[in-house]
Amino acid sequence: DGGITQSPKYLFRKEGQNVTLSCEQNLNHDAMYWYRQDPGQGLRLIYYSQIVNDFQKGDIAEGYSVSREKKESFPLTVTSAQKNPTAFYLCASSDSGAPRIFGPGTRLTVL
Amino acid sequence: DAKTTQPTSMDCAEGRAANLPCNHSTISGNEYVYWYRQIHSQGPQYIIHGLKNNETNEMASLIITEDRKSSTLILPHATLRDTAVYYCIVRVAGTDSWGKLQFGAGTQVVVTP
């Protein structure tokens, strides 16, 4: 079955460490997105990519970095520059326009 | 971008229709209305979208008023599994327009037995 895989489901990180969240899709979608969700809040866009080797910042890109070397993969790195990284991170993809399929999410906790 | 307004929460009895309102009075002519939902601790799920005609799929129906300033998502026979936060979003079509999209707080729908 086609879908999005995010790993790990839970991630713990010490302050000052970089950590990379995985997002893989087998839907052959061109566009991929990373969102952050804080408790009781809606989703906020971190980065998005419309095509391989290209990506754009969302409204809260500071402290994060991404790469899009392959169509099916869009990893997100949370760097030590992100001051409040504890959150639920969601990856999504679409063939065009609106994000259609979301992954199950990764819950990141900074210790 | 057009702003949307949704009630914070609503309850619905199992088996009854759930009617979820959304106001988008500043919507532009080329903006679509999209609905998503998010069950607790899971990723969001796309439900339906429309421009000006009413739309129906296996999950729900979308009714858009003639002036397009508001819409209603209808879950015809609510089940306990429909308990979720429902998001109404207005956006033009095309991937680039979603680059700055924020999902708001949505409506918390609780379906009770």
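How many salt bridges does a search of the whole structure find over all chains? The search finds 4, a salt bridge being a side-chain nitrogen of Lys or Arg within 4 Å of a carboxyl oxygen of Asp or Glu.

## Basis of the model

This is a predicted model, in which local features need pLDDT of at least 70, side-chain atom pairs count only at pLDDT 80 or more, and totals for chains, interfaces and linings use all residues. Residues are numbered from 1 along each chain as its sequence is written, chains are lettered from A and ligands numbered from 1 in the order in which they are written, and side-chain values use heavy atoms, with hydrogens and water left out.

## Salt bridges in chain A

A:D30 and A:K71 form a salt bridge whose closest N and O atoms are 3.3 Å apart. This pair links distant parts of the chain, 41 residues apart: A:D30 is in the loop between β3 (19-25) and β4 (31-37), and A:K71 is in the loop between β7 (64-66) and β8 (76-78). Strands are DSSP runs of E with at least two residues, numbered from the N terminus.

A:D30 has a relative accessible area of 35% and is partly exposed; A:K71, at 27%, is also partly exposed. Here buried means under 20% relative accessible area, exposed over 50%, and partly exposed in between (1.4 Å probe, protein chains only).

A second salt bridge joins A:D38 to A:R44, with 2.8 Å between the closest N and O atoms. A:D38 is buried at 16%, whereas A:R44 is partly exposed at 33%.

## A salt bridge in chain B

In chain B, the closest N and O atoms of the salt bridge between B:D82 and B:R37 are 2.7 Å apart. B:D82 lies in the loop between β7 (70-75) and β8, and B:R37 in strand β3 (residues 31-38), so the pair ties together parts that are 45 residues apart in sequence. B:D82 is buried, at 12% relative accessibility, and B:R37 is buried at 11%.

## The lining of the largest pocket

A pocket is defined on a 1 Å grid over the protein atoms alone, as an open set of points where a 1.4 Å probe fits, with protein on both sides within 12 Å along at least five of seven lines; lining residues have an atom within 4 Å of a point. The largest pocket is lined by 24 residues, and A:Q37, A:D38, A:P39, A:G40 and B:H40 lie nearest its centre. Two or more lining residues come from each of β9 (87-94) and β11 of chain A, and β8 (84-92) and β9 (107-112) of chain B.

Notes
Helix = DSSP H or I, 4+ residues; strand = E, 2+ residues; numbered from the N terminus.
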